Amino acid sequence: ARRRPATTHGLAVVDKPAGVTSHDVVAMLRRRFNERQVGHAGTLDPLASGVLPIALGEATKTISLIQDTLKTYSFTIAWGEQRDTDDCEGQVIATSAARPARAAIETALPAYIGEIEQIPPQYSAIKIDGQRAYDLAREGETVDIQPRPVYIERLELLAARPDEADFTMTCGKGTYVRSLARDLGR
């Protein structure tokens, strides 16, 4: 017997846990609501947790409107190691004993506010000649990812400790927190 087509239309706000991909959340909701048309309004990295807007059915037509809104992220940057993924899961590719003082961090922040150029991580969903950058990176290739314009409305240092610092950022679509952390760390 064929399953009756679903008629679920609307928006769901999912509190995505760390360790789950945005695609995993979409697949779970597709099954739960028996709905083929399900999409998310902006990818959260697998290590990230937080609000993931999901559209179902006819509401998927609103995704572009949701993606164009500003988003706010809270995050911690650990100083002293650079990893190939620009997050805590990758292989260490550089180390440094230098640790920035609070004043040095605050002095650096204005350069990242407004319309800036940002290079996405090697391990990102950016397509390079039809392939995802993360697939190429896993095969050992280093790809030339061009800088992209992104908008950061607000970037604030919340707390600074010797080996890490906490931040909050309000930004537009396409902004990678990992890239910002990599660039500030450098």
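Tutor: One term to start with: a contact means heavy atoms within 4.5 Å. On that basis, residues 24 or more positions apart account for 63% of the contacts in the chain with a separation of 6 or more. Keep in mind that this is a predicted model.

Student: Noted. How many helices and strands are there in the chain?

Tutor: The chain has five helices and 11 strands.

Student: And what box do the C-alpha atoms fill?

Tutor: Roughly 65 × 35 × 25 Å, along the principal axes.

Student: What share of the residues is buried?

Tutor: Buried residues are 37% of the 186 in the chain. The accessible surface is about 11,300 Å². Carbon and sulfur atoms hold 52% of that surface.

Student: Charges next. How many positive and negative side chains?

Tutor: There are 23 positive and 25 negative ones. The centres of the two sets lie 9 Å apart.

Student: Now the inside. Which residues have the most contacts inside the largest nonpolar core?

Tutor: Leu155, Phe167 and Leu180. That core has 18 residues. At least two of its residues come from each of β4 (71–78), β10 (148–160), β11 (164–171) and α5 (177–185). Another core lies apart from it, with nine residues, including Val14, Leu29, Leu44 and Leu52.

Student: Back to Phe167. What does Phe167 touch, leaving out residues up to four places away in sequence?

Tutor: Its partners include Tyr73, Phe75, Ile77 and Trp79. Ile105, Leu109, Leu155 and Leu184 are also among them.

Student: Ile77 is on that list. Is Ile77 buried or exposed?

Tutor: Ile77 is buried, because its relative accessible area is 4%, under the 20% cut-off. Ile77 belongs to strand β4. Beyond its neighbours within four places in sequence, Ile77 contacts Asp163, Glu164, Ala165, Phe167, Ala181 and Leu184.

Student: How far apart in space are Ile77 and Tyr151?

Tutor: 20 Å, C-alpha to C-alpha. In sequence, Ile77 and Tyr151 are 74 residues apart.

Student: Let's do α5. Which residues are buried there?

Tutor: Arg178, Ser179, Leu180, Ala181, Arg182 and Leu184. Two arginines are on that list, Arg178 and Arg182.

Student: What covers the buried residues of α5?

Tutor: The cover includes β4, β5 (81–83), α3 (102–108), β7 (114–118), β10 and β11.

Student: Are Cys88 and Cys171 buried or exposed?

Tutor: One of each. Cys88 is exposed, with a relative accessible area of 59%. Cys171 is buried, at 0%.

Student: Last one: where is Lys127 found?

Tutor: In strand β8, residues 127–128. Lys127 is exposed, because its relative accessible area is 54%, over the 50% cut-off. The C-alpha atoms of Lys127 and Arg36 are separated by 24 Å. Along the chain, Lys127 and Arg36 are 91 residues apart.

Methods:
Residues are numbered from 1 along each chain as its sequence is written. This is a predicted model: local features need pLDDT of at least 70, side-chain atom pairs count only at pLDDT 80 or more; totals for chains, interfaces and linings use all residues. Side-chain values use heavy atoms; hydrogens and water are left out. Helices (H or I, at least four residues) and strands (E, at least two) are DSSP runs, numbered from the N terminus. Buried means under 20% relative accessible area, exposed over 50%, partly exposed in between (1.4 Å probe, protein chains only). Accessible areas come from the Shrake-Rupley method with a 1.4 Å probe; for residues, only the protein chains shown count as cover. Lys and Arg count as positive and Asp and Glu as negative; His and the chain ends are not counted. The place of a charge is taken as NZ of Lys, CZ of Arg, CG of Asp or CD of Glu. A nonpolar core is a set of buried Ala, Val, Leu, Ile, Met, Phe, Trp, Tyr and Cys residues joined through side-chain atoms within 4.5 Å.
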